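Please look over the structure below.

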Amino acid sequence: MWSSSSFLAFSPPPKLSLLSSSSYHQKVQTFLCFTQNHSSTVGISFSKRHLNLSIITLLFNGGFLLDKAKSMAESGDLQRYTDSKDGFTLLVPSSWTKVEKAGANVLFEEPEKRSNNIGVVVSPVRIKSLEDFGTPQFVADKLINAEKRKESTKEAEVVSVGERLGQGQGQGQGQVYEFEYKIDSTRGGIKRVFSAAFVSSKKLYILNVVHSDSPENPLASSTRVLLEQVLHSFDALPLT
């Protein structure tokens, strides 16, 4: 998991073009690469049929997951938490408990397994937006390298990198960077981490959503949908 101190320790890169990615586009690109079989006309035709079916399946599943996440929020599985003092908001599982922890502006833990948690850290910075620091991919590379340098880390890999518009654009907020990665550590085993970060009013906001994801007890698809909804809900409070 990454903190504002590890984030600020990196020096900004040269100016780079913005890069955004998503698991959906990566899957489609994989299918596109698979169909480029120039040695067989039959093979191309067959692959294209599978490509069309695959895209339809992805679109259907994507819509299903979004509808499921929305229904979860509406049914009370998620509730909105707003910090008016520090200026951020997000959805959290209604059954998770808010606890106090030094260094965190807010922390929620799953009662049955406290190592599954959602935390937010807010720190002052000099930059006006994350774009001034680097691209999403640059930040992801730096963060995963920092994780790998920890003595407790056995393995760490980035799963996905993305970005989205923040709702606080009128108050100086830039893009919201989102990351998903897996960590195998001597402290707690294999964990799935969903992180988001943005800068608003010269404050760096960092969200970490941590959940166990071991081979014996993998992250359930319904839980994943819930945690992704938490990730995408993290934002600055709009000006009133």
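Buried means under 20% relative accessible area, exposed over 50% and partly exposed in between, with a 1.4 Å probe and protein chains only. The model is predicted: local features need pLDDT of at least 70, side-chain atom pairs count only at pLDDT 80 or more, and totals for chains, interfaces and linings use all residues. Residues are numbered from 1 along each chain as its sequence is written, and side-chain values use heavy atoms, with hydrogens and water left out.

**Overall**
- The protein has 5 helices and 10 strands, taken as DSSP runs numbered from the N terminus (helices H or I, at least four residues; strands E, at least two).
- Of the 240 residues in the protein, 44% are buried.
- Contact means heavy atoms within 4.5 Å; among contacts between residues at least 6 apart in sequence, 60% join residues at least 24 apart.

**Salt bridges**
- The structure holds 9 salt bridges, each a side-chain nitrogen of Lys or Arg within 4 Å of a carboxyl oxygen of Asp or Glu.
- R192 pairs with E180, the closest N and O atoms being 2.8 Å apart.
- Because R192 lies in strand β8 (residues 189–200) and E180 in strand β7 (residues 175–185), this pair ties together parts 12 residues apart in sequence.
- Like R192, E180 is buried.
- R192 also forms a salt bridge with D213, again with closest N and O atoms 2.8 Å apart.
- This second pair links R192 in strand β8 to D213 in the loop between β9 and α5 (221–233), 21 residues apart.
- Within helix α5, R224 and E228 lie 4 residues apart, about one turn of the helix, and they form a salt bridge with closest N and O atoms 3.1 Å apart.
- R224 is partly exposed at 26% relative accessibility, as is E228 at 22%.
- E180, K182, R192, D213, R224 and E228 are linked in a network of salt bridges.

- Y205, in strand β9 (residues 203–212), is buried with a relative accessible area of 4%.
- Beyond four places in sequence, the contacts of Y205 include D86, F88, V121 and F234.
- D83 lies in strand β1 (residues 78–83) and touches F88 and L237, not counting residues up to four places away in sequence.

**Helix α4**
- The buried residues of α4 include F138, L143, I144 and E147.
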